[in-house]
Amino acid sequence: MAEAVSSFRVAGPRVLDARPAQEGLLVTRLMNGQEGDLQAGAADLQLKDNVVEFDDELFWVTKCEVSSAQVPGGTKYTAELEGFSASGRELRYPEHLRFHSEIILKLRAHIFAGDYLNRYRCARELLNAGLNGTGLTDPQLEKAVLKPWRQVPGTYTRRGALREDLMPINSDQRSAVQGLSSRLEVIHGPPGTGKSTTIFHMLSSRLPSMDSAAIVTCVTNQAIDAVVEKLAQTHDSAGGLRILVLGNPDRVGRTAGQYTLDNLCKKDEIVLSMRWATELLSKASKAVTELQTARRDRLWRPHHRSRLHLSHIERLPSVLRYRAELEAENRQRRYNQEAPKVYDPLNFYLRRLDDIKRKLATAVTQLRPVRFLRWRRRLVPSPCRFYEWNVHSFNLRIQKAYERSKEALSLAQNTAAARNVRRTRVLLCTIPSSYKVMQLQEDYKDDFPKRLFMGILDEAAATAETYIPLILRLQVENLVLLGDHKQLSPLVLASGGDREIKDKNVDRSLMERAIDNNLRPHPLRVQYRMPEVLCNLVSSLFYGGSLRTAQETSVADRLSRLSLQGQPRQPELRWFNVTVQELDVGTSKVNHAEVVQVIELLRSDPVLGRTRDPVMVITLYKPQAALLQEALAKSLDPHRMALIKVVTVDAAQGSEAPHIVLSTVRSNSARSIGFAHNPRRLNVAISRAQKTLSIVGNKDVFNTSQPNWNRVVSTFCRQGQASDVSAHALQHAPSWHFVQQRALEMMERSASKGKGKGKGKGHGAQGKGGKGGKGKGEWFTGVDIPQPAEVSHLPQRRMIQDSGSSATSMQSLAGMHNLVAAAHNTKVWVSRQRVL
């Protein structure tokens with residue numbers, strides 16, 4: 001595992017100062033690659049599972065403890081690190097420099113690698129366990145994964161009652177939930193068929209109630225949020241499904257963020273009760289203290305003059321002592337060339353007298369109780385009927401209770417995490433964060449659920465098979481794969497190009513391999529997302545006509561076509577034919593004319609220009625998405641932009657929106673559409689819309705380039721609306737000159753990057769090399785490296801080492817883990833998320 005660390009190195013790392021510590025290294029201030037001393041924040045020092053460079057060697061940080069201290073000018077953050085390198089060396093200060101504290105070495109934080117390194121570790125452990133005969137997984141599930149064509153009986157209990165009162169369920173979903181019987185099950189869910197609803201009913205009806213839990217993983221945070229919205233209905237109910245989301249609360253989504261461990265600890269019932277009691281006792285103690293202060297002030301008034309003559313005051317013993325001490329202090333002040341203090345016996349006497357009387361008034365207030373009269377009817381006081389309240393003793397009891405409540409609150413806060421983990425029934429996380437389940441299992445050994453009864457992989461067709469060893473290492477008993485193998489597969493970048501990927505099948509998911517090996521999936525054939533006309537197109541293109549629209553959705557769709565006067569509204573499918581030529585940006589493409597047309601649609605279109613629903617703009621190329629984002633932000637007001645999201649097709653998988661605008665980009669005389677010919681990419685691009693789909697592109701190019709696109713164009717022309725957009729009209733649009741200038745700048749910048757040395761496609765890690773150019777991209781071929789300040793916030797590339805996972809090679813334990821055995825033969829990059 002340590003050997004893999006040596007492959008991680010990026011341009012522009014964060015640079016930190018490193019000093020010796022008792023166990024490892026102590027890193028402090030952030031220098032950001034420049035001269036200066038900038039204070040590092042706590043987030044900049046969260047380096048656990050990062051690859052760092054120290055003393056000319058790369059290390060994997062396995063432990064990071066961040067602390068803070070108040071210093072003049074602010075707060076200073078430090079972090080103590082532990083880790084090891086590929087050679088087995090621990091992350092420590094060099095022995096010959098450990099006792100020279102004045103020597104400060106530099107540490108460079110390169111990249112977060114926890115996802116890959118934990119996958120690698122699990123695969124290596126499973127391989128060694130298989131060779132040694134010691135099992136670290138459920139043997140029956142491992143057998144089912146290795147040979148998916150064999151039906152290995154699962155450990156499912158009898159079917160529980162379906163919670164149809166909380167979530168409606170159709171016949172396909174019911175059949176899939178009640179038909180779970182094997183260790184490995186596959187549920188095929190095309191777009192909009194209610195996979196999150198199926199997950200809810202699987203967990204609510206098939207998960208045993210005693211000491212068992214389930215883990216649900218998704219590829220995107222949007223999918224996690226959709227599942228949590230369903231499961232949250234039973235989170236707080238008696239016998240419900242207590243959920244725990246593992247991830248960053250700011251990134252997992254608004255609903256899912258409420259169920260992270262930190263937020264659950266804040267909402268813990270015991271913590272809230274003790275906080276309420278502490279605040280109540282604090283208010284009571286403050287009120288009683290104010291009452292005692294008011295009573296004391298009634299008995300004591302400050303003195304402004306004295307009845308004694310000044311000569312009598314100067315002869316008092318306390319004043320004589322004051323005079324002697326003042327003379328000694330003034331001698332010292334004169335020696336230090338400081339101004340002496342003025343001798344003022346009267347002021348000293350009055351202050352001393354005030355202090356004595358204040359103490360007497362405080363003592364009287366503490367000893368004398370407060371008396372209350374008992375009143376008869378008609379407000380007549382009852383003689384010799386008094387209530388006495390010893391306020392001082394009551395205040396002492398309140399203060400003691402307050403201190404005990406603070407201790408109880410601290411104890412409740414310290415044990416809240418363990419309590420929430422102990423009660424958890426469902427663990428949810430994105431698949432790149434699934435290693436956090438193992439960390440949670442290690443951190444809370446006594447409180448973690450004793451039995452992981454079920455693992456559910458949502459979006460399983462987009463989940464790389466290299467994650468399966470990690471899931472198996474968690475000792476899951478049953479595995480359910482939900483997804484659609486007709487949509488995009490896991491994104492993989494390899495040094496050998498697409499041919500190496502295809503030869504070794506590293507872009508194939510376990511779901512696709514299981515279906516290829518004749519494992520019959522449970523089909524979901526009723527969709528609730530798309531308009532009926534769009535559903536029919538998607539169904540005929542990719543699902544053999546089996547996908548159909550729900551009856552209630554179909555009726556609502558027909559009613560929405562009519563206005564109040566009975567006149568037809570704008571069609572759901574529209575194609576805007578833009579014939580302006582595309583521009584080359586390195587190996588990618590942009591089309592500035594399509595950007596201008598999208599802006600005009602969002603400004604003045606009868607549907608898109610007036611809607612208050614969210615609009616998603618999808619494009620096939622990343623530079624086009626960047627140009628669209630910049631141009632739309634400049635052309636539209638912020639309130640309008642808040643409803644608009646610009647993504648690539650790869651990033652759009654798993655999401656949906658009422659209105660979709662698709663920019664196809666490709667427009668050339670050769671009628672080439674590049675990777676747009678991929679039917680899976682086409683499926684994702686046109687199946688996101690809930691109400692309308694508008695395509696902006698060259699109709700003639702796509703009509704003759706590929707059969708599937710030909711049917712799309714013909715459907716839009718026959719059942720929708722196709723209109724030509726004049727290039728002259730676009731050139732007179734307000735945004736034309738700005739968009740054209742930015743597109744030309746992008747093209748020129750990419751051309752300048754193509755002038756370098758060395759071989760390889762893409763601009764590489766050092767920003768050199770373009771199409772046909774030469775650059776030293778190392779392993780970051782074609783990937784944009786974030787700037788140092790952005791490294792901890794942007795999704796990073798992950799490196800996996802794989803030598804193929806074909807159906808034949810997966811028929812044995814060594815075959816399943818061959819990605820480890822051939823770690824030195826092939827280096828492949830897998831993205832945590834698709835290209836944004």
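Which residues does Thr715 touch, not counting residues up to four places away in sequence? The points below take up this residue and then other parts of the structure.

1. Basis of the note. The model is predicted, so local features need pLDDT of at least 70 and side-chain atom pairs count only at pLDDT 80 or more, while totals for chains, interfaces and linings use all residues. Residues are numbered from 1 along each chain as its sequence is written, and side-chain values use heavy atoms, with hydrogens and water left out.

2. Thr715. This residue lies in helix H25 (residues 707-719); helices (H or I, at least four residues) and strands (E, at least two) are DSSP runs, numbered from the N terminus. Thr715 touches Leu537, Leu573 and Gly720, not counting residues up to four places away in sequence, where contact means heavy atoms within 4.5 Å. With a relative accessible area of 8%, Thr715 is buried. Buried means under 20% relative accessible area, exposed over 50%, and partly exposed in between (1.4 Å probe, protein chains only).

3. Strand S22. Five of the five residues of S22 (residues 615-619) are buried. Val615, Val617 and Thr619 point one way, whereas Met616 and Ile618 point the other way. In a regular strand the side chains alternate between the two faces of the sheet.

4. Partners of S22. S22 runs parallel to strand S23 (residues 644-648), with five bridges joining them; Val617 has Val646 as its bridge partner in S23. Five bridges also join S22 to the parallel strand S24 (residues 657-663), where His659 is the bridge partner of Val615. Two strands pair if DSSP finds at least two bridges between them.

5. Helix H4. In H4 (residues 171-178), the buried residues are Asp172, Gln173, Ala176 and Val177. Seen down the axis of H4, they fall within an arc of 130°, so they line one face of the helix; the arc is that of the directions from the helix axis to the C-beta atoms. These buried residues pack against several elements, including strand S7 (184-188) and helix H5 (195-206).

6. Nonpolar cores. A nonpolar core is a set of buried Ala, Val, Leu, Ile, Met, Phe, Trp, Tyr and Cys residues joined through side-chain atoms within 4.5 Å. The largest has 85 residues, of which Leu203 and Leu428 touch the most other members. Leaving aside neighbours within four places in sequence, Leu428 is in contact with several residues, among them Val216, Ile224 and Leu246. A second, separate core of 40 residues includes Trp575, Val701, Phe702 and Val712.
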